[in-house]
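Hi,

Here is the model we talked about, with my notes below it. Have a look when you get a minute.

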Amino acid sequence: MSATVQQESPELKLNRLLDSCHRNLKSVDDDLIRKAFQFSFAAHKDITRASGEPYFIHPLAVATILAEELRLDDISVAAALLHDVIEDTEYEYEFLKKEFGQTVANLVDGATKITDMFKSHEVTEAESFRKLMLFMIKDIRVILVKFADRLHNMRTLNYLPQAKQIKIATETLDIYAPLAHRFGLWQIKWEFEDLSFKYLNPESYEDIFRKVNTRREEREQYIQNFTDPISKRLTEAGFKFELSGRPKHFFSIYNKMVKRSKPFEEIYDLFAVRIILDTTQAYDCFTVYGIVSDIYFPVPVRFKDYISVPKHNGYQSIHTTVVGQDGKLVEVQIRTRKMHEIAEKGVAAHWSYKEAGESVVNKQSDEWISWVREIFEQADNADNPNQFIEDFKLNLFQDEIFVFTPKGDLKILPKGSTPVDFAYEIHTNVGNHCIGAKINGKIVPLNTRIENGNQVEIITSKNQKPNQDWEKFVVTHKAKSKIRAFLNEEKRKVTELGREMWDKKVRKLKLKFTDLELNKLIQDMKYSNQNSFFYAVGFGIVNHEEFLDRYVARQIAKKDQKPDEKPEFGTFEEFVKTSRSSQKSLVVEGKSANIQMNYAKCCNPVPGDDIIGYVTIGEGIKVHRRNCRNIAGYSTGDVTRLVEVDWPKGAHEDFMAGIRLSGEDRKGMVSDITNVISKTLNTNIRGLNFNTKDGIFDGSIIVYVNDVDHLVRIIDRIKRVEGVKSVARLEE
Ligand code: MN
C-alpha cells in the first residue's frame, strides 16, 4: 500500500484527504485543509522517516486518522497536518497563529508540548503532566490529535530499532491505552494494546494471532447460525440494525488467559455478538433484549443494564449472556447507534455531538473536563512527583462501584472508596465534617472500603475536621485534594495565630526585632524558617512566652557582665542530661545529642524521612515519622513531649524498612522479586512473607536500606517486575 501512496502526486494525496473530510465531517473548510497540507508538505520537504518515506507521509496519515477514524472536525485535521511543524521545522507558534488562526496554532502548540511528556521514570514528569492537563482542559482536541499521532507511530513501529520499539510500546501500554480507555476511546485503546502487545511479547502475540486465524471460519460459522434467528425476528419486528460477531482483541484474550490461567480455546470460545439499533429510542434496546431472551435462554446473573446506569466514561449498552447452540455461552450486547458511537469513540463522539448542539452529551463532556481538572488540582498540590504519577496511573486503571445515598441517589466511585471519599463526592463540607458513616444502616469506621451497591449515610459534626489519616486511606482525587487543601489552610491559620501570639508578647515586653535578628533567634531555636517557627508557636510546641522572658533575662544578665548561660530548652535539656545511656547520635533541636533513643516500630523511619521525636519516660526519645498516625494522636494531646529531631549528618548504617506488594501470582514470581531486590544496590533481605489466593498474591518484604531514596529505588524496581500490580512502603 505504501508503495502506491508514495507514487501518488501531492495533488492526488490532497484530493484524497479532502474527499475523506467531506465524507466524514460535518463541515469542511477546503481552503484551510489545502493550505495546511501545502504548508506542511513544504516544511517537511527535506526530512525522511525511519521507513525511508518522505516525512510528510506521517502528518498526512495522522490527519487521515482524524478525518476517517475519529471523524472529529476540519480544525483538528488541519492541526494534525501541522502537528510536527513547530517541533521539526523552523516555524514558530506566532507564525502558525498568523497563517492558520489561534485555534489551529494552539492545537499544534499543545500537541508539540505534550510530545515527550509521557516519558516514564523521570522526576520532571509531574510538571509535564500538569502541563498536559492544562492543555487538555483548554481543548480536548489536543489529546485526540496526540492519540492519532501515537496511533500512526505505533502502526509504523516496525521500522524502528528494537530498543526504541520496546520503549515506545511500553509507554503506549502504560499511559496512552489507559488514557484512551478513560476518554472512552475503545477502538483506539484496543489498537494501542494490541500493537504494544505485538512488540512487547511477540511470541504470545504470534501464538494467539495464529490460533485466532486457524479457528476463524469455524467461529464465523457458529456466529452465523446463532444470529440468523435473531436477524429474522428483528426484521419481522421492523427494526433496522447491524449485527456483528464482536472480534476480541488479542491483548484481552492474552490477559484473560493469564488471569484465569485457562487455555486459549476456553477464552476464545466465549462468543460475543453485538446488536446496534438504528433508533433514537433507548427503550428499543429492552424490546430487543426481550426478543433475544425469547430465542435463547438468558443467564440471569449475567444481565447488565448500562443504559439506565451508564459507566463513568459514558458507556451505555445492555449486556446479557444467553445459552446458544451446543450449550455455548454467548454474550450479547445491545445498544443504539449513538451509544455505539460513544462506546467506540468516546470523547471524540461527544465532540461531534456537541457541535450539533445536544445538551445531554455536553453534560458528559463536562464530566470529562471536571475529571481532568480534579487530577490537575491534585497535581498542583502533589509535593512528590513520583507519587503523583503513581496516583495518576492508578486512577486511570480504577474500576468503578455504584453507591447509593440514603435517598436512593446514585454515585459512581472508584473501587476501594471509603465513606470519606463518598462524603467528598456529595459536597466538600460534608467531607470536611464527616465524623462517622453507616453502610446499609450499620455504623462503620471511616476507612471502611465501600462495596458495590452499598447504601451509605454520612454522619457529620460541626466540630469534626479532616486529619492526616484520611489522606492515607481515601482514593478519589477529589477527596485527596480537598483534604490536602484543608490541612494546608489549617497550617496557615495556626502559623498566623503563632505569629500574632509572638507579636503580642514582643510588644508587651517592649522588644523589637529586625528581620535579621528574628531569623537568627529562630535559627538558634533550630527552626528552618519563620513559618515553621510560628507554626510551632501557634501549636504550642514552642512556649514563646517563656522563651521571650528568658531572652529578656539574658539581655539583662549580659548587661551585668555575667558569663553566658546556656538557657533555652529547660525541661528538655534536663532530660538530655539525665537520660540514662546514650546509644546513637541524633540531632535534637538542631544539636547533635548523645541520648538514648530508638526508632519507633510502628512507622519505621529511615534516613530522609521527615521525623519527630517523642519523649518517653525512661526510654529516651522514640523517633517517629512525622506523619505516623500514633504521632497524629499526640499532636492534639500531649504536644509538650514532642521534640524536633533530625537525622545525624553522614550516618551510614542499615535501617529496616518494609515493603508491601501484590499482583498476579505466577511461576517464579517470588524469586524474580527477590532477585530484583538483591541486585538493586546490594540490598539485603531480612525476611519475607507471601500469601496466594485465587491467582493473586500479596506479601511483605523486610529489607535493609540506607535511606529513603534507597527504599524508593527498590520499590520502583519491583514495580517493573512482570505481574506485580502494587508496591508500597509497609506502614502500620
Ligand atoms: Mn508526529
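**What I found**

Cys285 counts as buried, at 0% relative accessibility, where buried means under 20% relative accessible area, exposed over 50% and partly exposed in between (1.4 Å probe, protein chains only). Cys21 is buried too, with a relative accessible area of 0%. As for disulfides (a pair of cysteine sulfur atoms within 2.5 Å), a search of the whole structure turns up zero.

Before you go further: this is a predicted model, so local features need pLDDT of at least 70 and side-chain atom pairs count only at pLDDT 80 or more, while totals for chains, interfaces and linings use all residues. Residues are numbered from 1 along each chain as its sequence is written, and side-chain values use heavy atoms, with hydrogens and water left out.

**The chain overall**

There are 32 helices and 22 strands; these are DSSP runs numbered from the N terminus (helices H or I, at least four residues; strands E, at least two). Of the 732 residues, 48% count as buried. Take the contacts (heavy atoms within 4.5 Å) between residues at least 6 apart in sequence: 64% of them join residues at least 24 apart. The accessible surface comes to about 37100 Å², and 49% of that belongs to carbon and sulfur atoms; areas are from the Shrake-Rupley method with a 1.4 Å probe, and for residues only the protein chains shown count as cover.

**The metal site**

Which residues coordinate the manganese ion? They are His58 (NE2), His83 (NE2), Asp84 (OD) and Asp149 (OD), at 2.2 to 2.5 Å. Donors here are N, O and S atoms within 2.8 Å of the metal (3.2 Å for Na, K and Ca), and water is not among the atoms, so sites may look incomplete. Along the chain the donors follow the spacing H-x24-H-D-x64-D. His83, in the loop between α5 (74-82) and α6 (85-88), and Asp149, in helix α10 (residues 141-155), are 66 residues apart, so this pair links distant parts of the chain. Both are buried: His83 has a relative accessible area of 3% and Asp149 one of 5%.

**Helix α27**

In α27 (residues 530-539), the buried residues include Phe533, Phe534 and Val537. Among the elements covering the buried residues of this helix are α25 (477-508), α26 (515-524) and α28 (544-559). At its start, a side-chain oxygen of Asn529 reaches to within 3.1 Å of the backbone nitrogen of Asn531. Just after the helix, Gly540 takes a positive phi of about 90 degrees.

**Strands and hairpins**

Two strands pair if DSSP finds at least two bridges between them. Strands β20 (residues 684-693) and β21 (residues 696-705) run antiparallel and are joined by nine bridges, with Thr692 partnered by Phe697 of β21. Their hairpin has two residues between the strands, and Asp694 takes a positive phi near 50 degrees.

The β9 and β10 hairpin has two residues between its strands, and Asn440 in the turn has a positive phi of about 45 degrees.

Finally, an open sheet of four strands has the order β14-β16-β15-β17, with mixed pairing. Its edge strands are β14 (597-599) and β17 (642-643), each pairing on one side only. Within it, β15 (residues 611-615) and β16 (residues 621-625) pair in the antiparallel sense over five bridges.

Cheers

Methods
Polar contact = N/O pair within 3.5 Å; in protein donor to acceptor, adjacent residues only side chain to side chain.
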